[in-house]
Every structure is written in C-alpha cells, then in structure tokens.
Amino acid sequence: MALKIIADECLSCGACEPECANEAISEGEISYVIEPDKCTECVGNFESPKCTEGCPVDACVPDPGHRETREQLLEKWQKLHPENTPACT
C-alpha cells in the first residue's frame, strides 16, 4: 500500500522529501504529502521505505485507503522507472 503523512504528527522538517526516489513527497499547505500514484514504499529501490526511516516523528505511515500488494507496488515502480530493472523485489 502507499504511504501517507499524518499531518498532525508532521513537523514539516523536510527530512522525508529527499529520501523518496520516486519524488512522491512534496510540501503541502499544512505538512508534507505523499502522492499515492508515485509511492511504492521504496519497492524496486530499497528493502524498506526510506521516508519512514528518515522521519524523526514517525509521521509516514501506511495508507489504508491505498492498499496494494508487493507485486502491484513493483509494477507501479516499473511504470515510473521503465529504464531500470528492480534492485530489490
């Protein structure tokens, strides 16, 4: 499933944004936001979501509104990065 940022928890520190290899994270009006169409939970890039590792307050959490299997996340990653092959599947 894609991740989301809990606005109430987010410090708007920006630590998560440069961690996203898919450029799915951007600054919103209140806090940073994650675009679910670009979020693959780092499947295809890393073993685990880098935004969750970089967030000092654990504001990056799974989004139950965007449930996806690992296979679906990998397929999304391949569409976002057609020039690459998966490093971590």
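I started with the second largest cavity, which holds about 70 Å³ of space. Of its 13 lining residues, C10, C13, C16, C55 and P56 sit closest to the centre. My cavities are sets of points on a 1 Å grid over the protein atoms alone where a 1.4 Å probe fits but cannot get out, and lining residues have an atom within 4 Å of a point.

Housekeeping: this is a predicted model, with local features needing pLDDT of at least 70 and side-chain atom pairs pLDDT 80 or more, while totals for chains, interfaces and linings use all residues. Numbering runs from 1 along each chain as its sequence is written, and side-chain values use heavy atoms, without hydrogens and water.

Next, the largest cavity: about 100 Å³. C20, C39, T40, E41 and C42 are the closest to its centre, out of 15 lining residues. I sorted that lining into ten nonpolar, two polar and three charged.

Then I looked up the largest nonpolar core, which has 15 residues, with I5, C16, I25, I34 and C51 making the most contacts inside it. (Core means buried Ala, Val, Leu, Ile, Met, Phe, Trp, Tyr and Cys joined through side-chain atoms within 4.5 Å.) β1 (3–5) and β3 (32–34) each give two or more residues to this core.

Last, helix α2 (residues 70–80): L73, L74, K76 and W77 are buried, meaning under 20% relative accessible area with a 1.4 Å probe, protein chains only; exposed is over 50%. Down the axis of α2, the buried residues fall within an arc of 160°, so they line one face. On the other side I found E71 and K79 exposed.

How values were computed: Helix = DSSP H or I, 4+ residues; strand = E, 2+ residues; numbered from the N terminus. Arc of directions from axis to C-beta. 1 Å grid on protein atoms, 1.4 Å probe; cavity = no way out; pocket = protein on both sides within 12 Å on 5 of 7 lines; lining within 4 Å. Points joined across faces, edges and corners; volume = space filled by probe spheres on them. Nonpolar A, V, L, I, M, F, W, Y, C, P; charged D, E, K, R; others polar.
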